[in-house]
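Welcome! Please open the model in your viewer and keep the selection tool at hand, and we will walk through it stop by stop.

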Amino acid sequence: MMLAWVVATTGLLIPALLPAANAAIECSEKTTILPYEFNMKDLIVDVVLKGIETDTPPTKNSVRFHVNVCKTLTKESSVSEEDFCTSSHICEVVTNRKESDSKPDRVIQVKNWAAKRAETADAAVSSDGQTLSFGFMESSWGGSSLKTNVTLICDAAAGAGVPEVSTVDSILTVTWKTKAACGIKVRSGAGPGNATAGMSIGALFFWLLFMGATAYLILGTLFNYYVNHVRRFPEMLPNYDLWKSLFSHIQDRVSSRSYVSI
């Protein structure tokens with residue numbers, strides 16, 4: 001019974017008071033990266049970008065980048081599993097073809113640059129809310145760690161816009177001019193996962209005081225129950241005799257002042 005009470009108490013209090021854990025960036029009409037809100041619904045799309053072509057006589061290699069910064073890329077049904085990235089946001093596909101050959105292009109390399117979604121903790125917003133930057137968690141390919149950085153730049157006239165991709169060694173950079181990066185300032189603390197953002201000093205003090213008192217109550221009670229083997233309530237509460245004496249003293253003082261001499 002005692003253990004059930006502790007679990008129920010901590011289960012109700014802690015999630016309600018502590019800041020939420022870091023979460024993946026959700027692209028929607030109201031994507032909140034404090035202190036700004038962005039309309040990123042137009043970025044929920046698979047974009048295919050043409051990369052460089054390299055002559056390798058008698059053949060030629062072509063590079064294509066498949067990009068979706070918001071959700072996992074969708075593989076076309078006509079493409080085999082081995083010729084496309086699995087659970088990817090940015091997939092580089094290199095094909096080889098022979099001009100005089102009627103056979104379809106042959107996939108010779110598939111590189112998954114971004115296997116996991118970007119998270120809010122990795123996002124940064126410029127002071128004017130006109131630039132949003134974030135990075136994807138590192139992916140591994142061929143024994144190397146791949147890193148991806150995305151920068152969205154506000155351009156209201158560009159609509160959804162078209163991203164540009166560049167690579168240097170094991171770092172890929174996506175630069176995207178789009179209206180989706182035009183942020184609107186919101187009230188501090190309004191976004192999900194920011195329960196303590198914008199909290200005043202006074203409110204923070206009372207929040208910490210309450211958390212400390214809660215921890216004192218729960219841990220002290222557990223100590224008395226399991227170490228001192230106190231099974232009766234309210235005697236199992238921490239420093240019960242001290243608090244009982246203190247409240248009795250306060251009650252006596254208040255009672256003595258309530259008498260009026262006639």
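Begin by selecting S5 and S6, two strands that run antiparallel and are joined by seven bridges. This is a predicted model, so keep that in mind as you look around. To see one of the pairings, click on Asn-96, whose bridge partner in S6 is Arg-106.

Now widen the selection to the open sheet, where four strands follow the order S3-S4-S5-S6 with antiparallel pairing. Which strands are the edge strands? They are S3 (47–56) and S6 (106–114), each of which pairs on one side only. Turn the view to look across the sheet: the twist from one strand to the next averages 20°.

Next, go to the largest pocket, which holds about 390 Å³ of space. Its lining has 17 residues, and those nearest the centre are His-66, Glu-76, Val-79, Phe-84 and Val-93. Strand S4 (59–67) and strand S5 (90–98) are the elements that each give two or more residues to this lining.

For the last stop, select residues 163–168 and 171–178, which are strands S10 and S11, paired in the antiparallel sense over six bridges. Here Pro-163 stands opposite Trp-176 in S11. How many residues lie between the strands of this hairpin? There are two, and in this hairpin Asp-169 takes a positive phi near 55°.

How values were computed
Residues are numbered from 1 along each chain as its sequence is written. This is a predicted model: local features need pLDDT of at least 70, side-chain atom pairs count only at pLDDT 80 or more; totals for chains, interfaces and linings use all residues. Side-chain values use heavy atoms; hydrogens and water are left out. On a 1 Å grid over the protein atoms alone, a cavity is a set of points where a 1.4 Å probe fits but cannot get out, and a pocket is an open set with protein on both sides within 12 Å along at least five of seven lines; lining residues have an atom within 4 Å of a point. Grid points are joined across faces, edges and corners, and a volume is the space filled by probe spheres set on the points. Two strands pair if DSSP finds at least two bridges between them. Axes are lines fitted to C-alpha atoms, for helices over the stretch in contact, and angles run from 0 to 180 degrees between N-to-C directions.
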